[in-house]
Amino acid sequence: MVILFSHPDCVKYSQPGHPERPYRIEATVSYLKAQKQWNDRLDWQESRNAKDEDLRLAHSDTHIQSVIEGGQGGVGFDADTPAYPNIDTHARRSVGSAIQAMECALQGKTAMSLIRPPGHHATPNRAMGFCYFNSIAIATLKAQSQPNIQKVAVLDFDVHHGNGTQDILIGKPDVMFYSLHQSPCYPGTGLKDEKNCHNFPLPPQTDPEDYRKTFTQALSEIQEWKPDLLAVSAGFDAFKEDPLSDQALEMSDFEWFGSQIRESGIPAFHVLEGGYSDRLPEVIESYLEGIDPKD
Ligand SMILES: [Zn+2]
């Protein structure tokens, strides 16, 4: 059983031509709900908004205020990251959703946050790259305040470097960040390891076998570190049909990623980041098959 956190309101913002579009969630939710084989394997739950104190784990008050003002009709943050009406509420809900998934993992359940906007490019002080608040970093830091949780690893396989997550988590005690991403590609960071942040840049059109080997290397380093919890930034834009990257991964590779995480035995939670192709619903289905295979 996988618990999926989502919310019908997360599709209520858009801009014509923007790849981070309502379809991503709308189509995925309706596709999964229409699949008979998933009927009794998915538990849909509604995402809740994160509190200010949660946002402050990763972001400055100035940044939080700027996202709030953006949501009230302020100017945009950059060309990719518009000031949509109520974007502060939407972004706050994405954070809350990641926290809910994290809390499930602590109870031994498999959970994924299936919501937009994504978060891994949001830095302590800046919204960028379709991201406003950094859900995975906040859920990671919040997990450390829970009983029996000390060491938390973050694994980010979105095709873009999780620069915001790195900026927030760098130097933080008992946290390790691992990112696999295309280079050269947006945002241009993550070319080398820095402190507790381990980066695996991969050239365009990396052979899926080599992608898997790199994934195995990152995951085995995580296992050796023996974290209490694994936070997964699950981006599906290294898929071969994705319009925002130049990679060659098949759906079966994402199922394999999921299965490797499950087989690692580390309690894990999963948070949707990118993934922009029309086939995102099927790619996510493959990943779910990996993290929770049919008996
Ligand atoms: Zn991405």
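This briefing describes selected helices, salt bridges, backbone features and contacts of one structure. The model is a predicted one. A search of the whole structure finds 13 salt bridges, and several of them are set out below. Helix α4 is mostly covered, while α8 and α9 pack with their axes 6 Å apart. Two cis peptide bonds are also described, one between R116 and P117 and one between S183 and P184.

**Helix α4**

- Helix α4 runs over residues 87-106 and contains 20 residues.
- From its first C-alpha to its last, α4 reaches 29 Å, which is close to the 28 Å expected at 1.5 Å a residue.
- Of the 20 residues in α4, 17 are buried.
- G108 follows α4 and has a positive phi, near 80°.

**Packing of α8 against α9**

- The angle between α8 and α9 is about 30°, and their axes lie 6 Å apart.
- Because of this angle, α8 is roughly parallel to α9, the cut-off for that term being under 35 degrees.
- The two helices, α8 and α9, cross in a right-handed sense.
- On the α8 side, the residues that meet α9 are M251, F254, E255, F257, G258, S259, I261 and R262.
- On the α9 side, their counterparts are E282, V283, S286, Y287, E289, G290 and I291.

**Salt bridges around E20 and R24**

- E20 and R24 form a salt bridge through their side chains, with an N to O distance of 2.8 Å.
- Both E20 and R24 are buried.
- A network of salt bridges links E20 and R24 with R116.
- R116 also takes part in a cis peptide bond, described under backbone features.

**Salt bridges between separate loops**

- D278 and R21 form a salt bridge in which the closest N and O atoms are 2.8 Å apart.
- This pair links distant parts of the chain, 257 residues apart. D278 lies in the loop between β8 (268-272) and α9 (280-291), and R21 lies in the loop between β1 (2-6) and α1 (23-34).
- D278 has a relative accessible area of 51% and is therefore exposed, the cut-off being over 50%.
- R21, at 23% relative accessibility, counts as partly exposed.
- R279 forms a salt bridge with E241, and here the closest N and O atoms are 2.7 Å apart.
- R279 is in the loop between β8 and α9, and E241 is in the loop between β7 (229-234) and α8 (251-264), so the pair ties together parts that are 38 residues apart in sequence.
- R279 is partly exposed, with a relative accessible area of 30%.
- E241 also counts as partly exposed, at 38% relative accessibility.

**Backbone features: cis peptide bonds**

- R116 and P117 are joined by a cis peptide bond with omega of about 5°.
- P117 is placed in the loop between β3 (110-113) and α5 (135-143).
- S183 and P184 are joined by a cis peptide bond with omega of about 0°.
- P184 is in the loop between β5 (175-182) and β6 (197-202).

**Backbone features: positive phi outside glycine**

- N148 is a residue other than glycine with a positive phi, near 70°.
- The position of N148 is in the loop between α5 and β4 (152-156), and N148 counts as exposed at 74% relative accessibility.
- Q205, which is not a glycine, has a positive phi of about 55°.
- Q205 is placed in the loop between β6 and α7 (208-225), and Q205 counts as partly exposed at 47% relative accessibility.

- N199 belongs to strand β6.
- With a relative accessible area of 6%, N199 is buried.
- Leaving aside neighbours within four places in sequence, N199 is in contact with H161, Q166, F177, S179, H181, G190, K192 and D193.
- N199 and F254 are 55 residues apart along the chain, and their C-alpha atoms are separated by 19 Å.
- F254 is one of the α8 residues that meet α9.

Notes: Residues are numbered from 1 along each chain as its sequence is written. Side-chain values use heavy atoms; hydrogens and water are left out. Helices (H or I, at least four residues) and strands (E, at least two) are DSSP runs, numbered from the N terminus. The expected span of a helix is 1.5 Å times one less than its number of residues. Buried means under 20% relative accessible area, exposed over 50%, partly exposed in between (1.4 Å probe, protein chains only). A salt bridge is a side-chain nitrogen of Lys or Arg within 4 Å of a carboxyl oxygen of Asp or Glu. Axes are lines fitted to C-alpha atoms, for helices over the stretch in contact, and angles run from 0 to 180 degrees between N-to-C directions. Angles under 35 degrees count as roughly parallel, over 145 as roughly antiparallel, 65 to 115 as roughly perpendicular and the rest as oblique. A crossing is left-handed if the near helix is turned anticlockwise from the far one by less than a right angle, and right-handed if clockwise. Contact means heavy atoms within 4.5 Å.
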